[in-house]
Amino acid sequence: DGIDNDGDGTIDEGYDADGDGYTQCGTDVVAADCDDGNADINPGAAEVDGNGVDEDCDGLLDEGVWSAGDLVVTEILVNPHAVLDRKGEWFEIYNASGESRTLNGVEIVSGGETHQVQSSELLTLAPEAVFVLGNDGDTAVNGGVTLDYVYADIQLSNESDSVELKVGDLLIDAVTWDDGLTMPDVAGASLFLDPWYFEATANDSPASWCMGFEPWTLNSDLGSPGETNEYCPEFDRDLDGFNPSTGDCDEDDATVFPGATEVWYDGVDQDCDGANDFDADADGHESDAHSG
């Protein structure tokens, strides 16, 4: 009846509407029923993976589908310059699992504090998509960042700290920074994972990270929250002697770099000069043998 009839400070503590043996309030030793209108949902139920329902009332949905490395931390802003730290910090995660993942119930651990992702809606992340989490969702004060989720109870240190993603006891991914000892460290730029290393083991290495290098909006700090990262300008991933900052236009192909021999009419700009590959004589007309 919604009234504390016995004056013990708990309301309707013995009420079990669906008759599954678990009450709405629970006790000191028995967890509360999270859906007292459905007898198949209670703390003693078995989780059914893949249906987007928290049958066992632990805050996690479909926890049996998770594996280490399903999520990868790809970008972190721990030391904003445009706004206050407590307003402007955020981090980005990437779904590397190859399947959609529901983030409800995932735990964020940093600085000894833990926050469990909770929402009345399903937070579903598609394969190869990114998701941004931060501690202030107001774009007017957080530096112009559109957050997908706002957390509480944790704060990312400017100096040495880490962020971990966990599902129950399973560690999905973790990244540690060390006040500039090995990881990038500058006010006003994110820690930025090169997309070549979007993998939960590769992002453990400081050599996989650079500093954010472009503003995401007018007068913002440097980074790309909510967008898949560009290649770090100084990284030569294909080992051809060039990188994006020195003109390499394809870091996935070691045969493509400034000064390479151009192969005409193959649709590839081997020498990165931007010329039309179907107009070898540069007269403004593509070859008629190639639909010109």
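These exercises work through disulfides, aromatic pairs and a pocket in a predicted model.

**Exercise 1.** Find how many disulfides the structure holds, and which cysteines they join.

*Solution.* 
- Step 1. Count the links: the structure holds three disulfides.
- Step 2. Name the partners. C34 pairs with C57, C210 with C232, and C249 with C272.
- Step 3. Check the distance. A disulfide needs sulfur atoms within 2.5 Å. The sulfurs of C34 and C57 are 2.1 Å apart. For C210 and C232 the value is 2.1 Å, and for C249 and C272 it is 2.1 Å.
- Step 4. Number the bonded cysteines in sequence order. The pairing reads 1-2, 3-4, 5-6.
- Step 5. Look for a cysteine left out. C25 is in no disulfide, and the nearest cysteine sulfur, that of C57, is 14 Å away.

**Exercise 2.** Work out the handedness of the C210 and C232 link, and where its two ends lie.

*Solution.* 
- Step 1. Take the torsion about the S-S bond. It is about -80 degrees for C210 and C232, so this disulfide is left-handed.
- Step 2. C210 is in strand 12, and C232 is in the segment after strand 12, 22 residues apart.
- Step 3. C210 is buried, and so is C232.

**Exercise 3.** Decide whether C249 and C272 are buried or partly exposed.

*Solution.* 
- Step 1. Recall the cut-off: buried means under 20% relative accessible area, and exposed means over 50%.
- Step 2. Apply it to C249. Its relative accessibility is 45%, so C249 is partly exposed.
- Step 3. Apply it to C272. Its relative accessibility is 19%, so C272 is buried.

**Exercise 4.** Classify the aromatic pair of W90 and W216, then that of F242 and F257.

*Solution.* 
- Step 1. Recall the angles: planes under 30 degrees apart count as stacked, over 60 as edge-to-face.
- Step 2. Start from the total: the whole structure has five aromatic pairs.
- Step 3. Take W90 and W216. Their planes are 85 degrees apart, so the pair is edge-to-face, with 5.6 Å centre to centre.
- Step 4. Locate this pair. W90 lies in strand 2 and W216 in the segment after strand 12, so the pair ties together parts 126 residues apart in sequence.
- Step 5. Take F242 and F257. Their planes are 10 degrees apart, so the pair is stacked, with 5.5 Å centre to centre.

**Exercise 5.** Describe the lining of the largest pocket by class.

*Solution.* 
- Step 1. Give the volume: about 170 Å³.
- Step 2. Name some lining residues. Among them are C34, I41, D54 and N104.
- Step 3. Sort by class: five nonpolar, five polar and one charged.

Methods. Residues numbered from 1 in each chain as written. Predicted model: local features only at pLDDT ≥ 70, side-chain atom pairs only at ≥ 80, totals over all residues. Heavy atoms only, no water. 1 Å grid on protein atoms, 1.4 Å probe; cavity = no way out; pocket = protein on both sides within 12 Å on 5 of 7 lines; lining within 4 Å. Points joined across faces, edges and corners; volume = space filled by probe spheres on them. Nonpolar A, V, L, I, M, F, W, Y, C, P; charged D, E, K, R; others polar. Phe/Tyr/Trp six-rings, centres within 6.5 Å; stacked < 30°, edge-to-face > 60°. Helix = DSSP H or I, 4+ residues; strand = E, 2+ residues; numbered from the N terminus. Buried < 20%, exposed > 50% of the residue type's maximum accessible area, 1.4 Å probe, protein only.
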